[in-house]
Structure formats: C-alpha cells, structure tokens
Amino acid sequence: MRVLKAAVIIMGVLIVAGTVVLAMTIANRLGNRPAPPSIAGLGEPAGSRILGIAAAGDRLAVHVTGGGAEDRIVIVDPATHRVLGRLVPGAP
C-alpha cells in the first residue's frame, strides 16, 4: 500500500511539473516574437507616387510611378515589410 501511495504522489508531482514547463515554454515562444516595423519604406526615389496596390498571393504588388524612373511594380511581403523585388517593364 505504501508503494502505491508513493507512486501516485510521484506521478502527481510529475504531471504538475510537466504542466508548468509546458506553460512556460508556450509563454516564452509567444513573448519572443519581434514586432513588425510600424513604418516601412519602399526605397523609391523622392517624387515617386503609388498608383495602385494589388494582392498577389500572400504578397502585395505596388504600382509606382515618377521619381525620375520608369513605371515599376514593387513586390512587398506585408508580414515583414520587406521589398522582395521590382518589375520594370521594358527592362532586360
């Protein structure tokens, strides 16, 4: 009877400890996410204007004109606010 009682107490302590470790791991992973930047630039020259924005899958296609350059499409990842590439009509 003593052995059974000891086994139940030990297993109960292990369940509580495991639950605490699991909760702390989840809290740490949720808390370490970097916040996305609140302001993002496209890196386009001064005088550029946005003519339109369209969704392209999980990316954004931004139609930009002016700034001393040809019209171009800038591909942006909205999750990270990074410019992934530029499409310039007529470029080789």
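This report covers a strand hairpin, a set of salt bridges and a surface patch in a predicted model.

Local features need pLDDT of at least 70, side-chain atom pairs count only at pLDDT 80 or more, and totals for chains, interfaces and linings use all residues. Residues are numbered from 1 along each chain as its sequence is written, and side-chain values use heavy atoms, with hydrogens and water left out.

**The hairpin**

Strands E1 (residues 48-56) and E2 (residues 59-66) run antiparallel, joined by eight bridges. Strands pair if DSSP finds at least two bridges between them. Helices (H or I, at least four residues) and strands (E, at least two) are DSSP runs, numbered from the N terminus. Two residues lie between the strands of this hairpin, and Gly57 takes a positive phi near 70°.

Thr65 sits in strand E2. Its bridge partner is Arg49. Thr65 counts as buried because its relative accessibility is 15%; buried means under 20% relative accessible area, exposed over 50%, and partly exposed in between (1.4 Å probe, protein chains only). Leaving aside neighbours within four places in sequence, Thr65 is in contact (heavy atoms within 4.5 Å) with residues including Gly47, Leu51 and Arg72. The Thr65 side chain also makes a polar contact with the side chain of Asp71, at 2.4 Å. A polar contact is a pair of N or O atoms within 3.5 Å; within protein, one must be able to donate a hydrogen and the other to accept it, and residues adjacent in sequence count only if both atoms are side-chain atoms.

**Salt bridges**

The whole structure holds four salt bridges. Each is a side-chain nitrogen of Lys or Arg within 4 Å of a carboxyl oxygen of Asp or Glu. Among them are these:

| Pair | N to O distance |
|---|---|
| Arg72 and Glu44 | 2.5 Å |
| Glu44 and Arg86 | 2.7 Å |
| Asp58 and Arg59 | 3.5 Å |

Asp58 is exposed at 55% relative accessibility, while Arg59 is partly exposed at 29%. Shared partners join Glu44, Arg72 and Arg86 into one network.

Arg72 and Glu44 are both buried. Glu44 lies in the loop between H1 and E1, and Arg86 in strand E4 (residues 82-87), so their pair ties together parts 42 residues apart in sequence. Arg86 is partly exposed, at 41% relative accessibility.

Met1 lies in the segment before helix H1 (2-31). Met1 is exposed, with a relative accessible area of 84%. Met1, Leu4, Val8 and Met11 make a nonpolar surface patch of about 490 Å². Patches are made of residues with over 30% relative accessible area and no salt bridge; like charges are joined within 9 Å, nonpolar side chains (Val, Leu, Ile, Met, Phe, Trp, Tyr) within 5 Å. Areas come from the Shrake-Rupley method with a 1.4 Å probe; for residues, only the protein chains shown count as cover.
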